[in-house]
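Please have the sequence and the 3D view open side by side.

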Amino acid sequence: MKRNTSLQGLALQKFKKNLWGVLSFWYIVLCLFVGVFAYFLAPDSSENANSMALSIHSKRPGFSVQVIELPNPNAGEQSWLSKSFFGNEYPDEIIPVESYRKEGAQLFYQDYGVKDPALENEIVLTQFNSDFSSEHIYEKTYWLGTDKYGRDLLSRMLIGLRISFSVGFISVFISLLLGLFLGSISGYYGSKIDAAVMWLINVTWSIPTLLLVIAITLALGKGFWQVFIAVGLTMWVEVARVVRGQVMSVKSSQFVTAARALGFKNQRIIVKHILPNVLAPVIVISAANFAAAILIESGLSFLGIGAQPPTPSWGAMIKDHYSYIILGKAYLAIIPGLGIMSLVMAFMLIGNALRDALDVKN
């Protein structure tokens, strides 16, 4: 059996020997799958998992209650693709109840927490035509409990995972575009271009990351996409510095001299010959930046300038419930905190594993 002796093959073999790196890789793949198909997996498939039932707010994990599901009378047409990946725009109303009784075309029920039989509510079932059946009355279990608005915490966690991954991917992509471009031209051309780029790097580096993100977010406005841009524009500096140093050391190599002798243009030499040879440290930095992007987004959402309600964000979930830590319901803040911690740790571990695998000295 022929062994793969290429640099890529050797790096892959070394990576496979790193237990924590492999476990982190598969954990990230699992999280990515869950994030993409969140609305398939979430018990609450409404848009942003925003179905509220205030009577069951702040319930413990595993809480079960009998509910009446009322079809939405304003439901319109929504494509299957939109419903699968962006949630149901016309969710049914969920009413937690203590008890109910059906008399002909009328349904009488007591709201959850109400014990007085005289306080009954009435629903005329004929308004739903044939849409209402016995299947609309069932016992619903909230596996991670409910938040302070009575929303399903598990569904919010699953869809919040998509937010974290989206911020990580897009922010790292923006940082790579800027970092590779500025770092490569700075290291290759040197002189005044290098001085200008280094001045820009030093100025950006001197500003605290969180402060710079807040300034960019306030300039662009609060919102989902603004967070992506703001975080991406703050993480290119480290990529640019590393790429600049690598390009400066590689541009004097013989294969670059040979490319110049063959008359290749500078742009081709940079893109085709130099950058492929300096990507190893960039890959490691990207893994660390992915973790940093998740932390920054969570911090911004905690401060109220990240993803805006009702968009589920793990940082915003901690903000909404951190006061519950002293009220005996700490899990409302601990669960999203553990989500952030586990995902960030996975990216840091896979970054360390990639660093060891791509180190040609070992």
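Let us begin with exposure: a residue is buried under 20% relative accessible area, exposed over 50%, and partly exposed in between, using a 1.4 Å probe and protein chains only. With that rule, Y112 is partly exposed, at a relative accessible area of 23%. This is a predicted model, in which local features need pLDDT of at least 70 and side-chain atom pairs count only at pLDDT 80 or more, while totals for chains, interfaces and linings use all residues. Residues are numbered from 1 along each chain as its sequence is written, and side-chain values use heavy atoms, with hydrogens and water left out.

**Aromatic pairs**

Rings of Phe, Tyr and Trp (for Trp, the six-membered ring) pair if their centres lie within 6.5 Å; planes under 30 degrees apart count as stacked, over 60 as edge-to-face and the rest as tilted. By this rule the count comes to 15 aromatic pairs. Two of them are set out here.

| Pair | Centre to centre | Angle between planes | Type |
|---|---|---|---|
| F33 and F37 | 5.0 Å | 50 degrees | tilted |
| F63 and Y112 | 5.7 Å | 80 degrees | edge-to-face |

F63 belongs to strand 1 (residues 63–70), and Y112 to the loop between strand 3 (106–111) and strand 4 (121–124), so their pair ties together parts that are 49 residues apart in sequence. Helices (H or I, at least four residues) and strands (E, at least two) are DSSP runs, numbered from the N terminus. F63 is buried, with a relative accessible area of 4%. In the other pair, F33 is partly exposed at 46%, and F37 is partly exposed at 28%. F33 and F37 also belong to one aromatic cluster with F40, W80 and F85.

**Helix 7 against helix 8**

How do these two helices meet? The axes of helix 7 (residues 209–220) and helix 8 (residues 224–232) come within 9 Å and cross at roughly 140 degrees. Axes here are lines fitted to C-alpha atoms, for helices over the stretch in contact, and angles run from 0 to 180 degrees between N-to-C directions. That makes helix 7 oblique to helix 8, where angles under 35 degrees count as roughly parallel, over 145 as roughly antiparallel, 65 to 115 as roughly perpendicular and the rest as oblique. On the helix 7 side, V213, I216, T217 and L220 make the contact, and on the helix 8 side Q226, I229 and A230 do. Contact means heavy atoms within 4.5 Å.

**W314 and its surroundings**

W314 lies in helix 13 (residues 314–321) and is buried, with a relative accessible area of 5%. Leaving aside neighbours within four places in sequence, W314 is in contact with several residues, including R156, M157, L161 and P336. W314 and P336 are 22 residues apart in sequence, yet 5.2 Å apart in space, C-alpha to C-alpha.

**Backbone details**

Most residues other than glycine have a negative phi, and most peptide bonds are trans. P309 and P310 are joined by a cis peptide bond, with omega about 5 degrees; P310 sits in the loop between helix 12 (279–303) and helix 13. A49 has a positive phi of about 50 degrees although it is not a glycine, and A49 is buried, with a relative accessible area of 0%. S191, in helix 6 (residues 191–206), has a positive phi near 55 degrees. Is S191 buried or exposed? At 62% relative accessibility, S191 counts as exposed.
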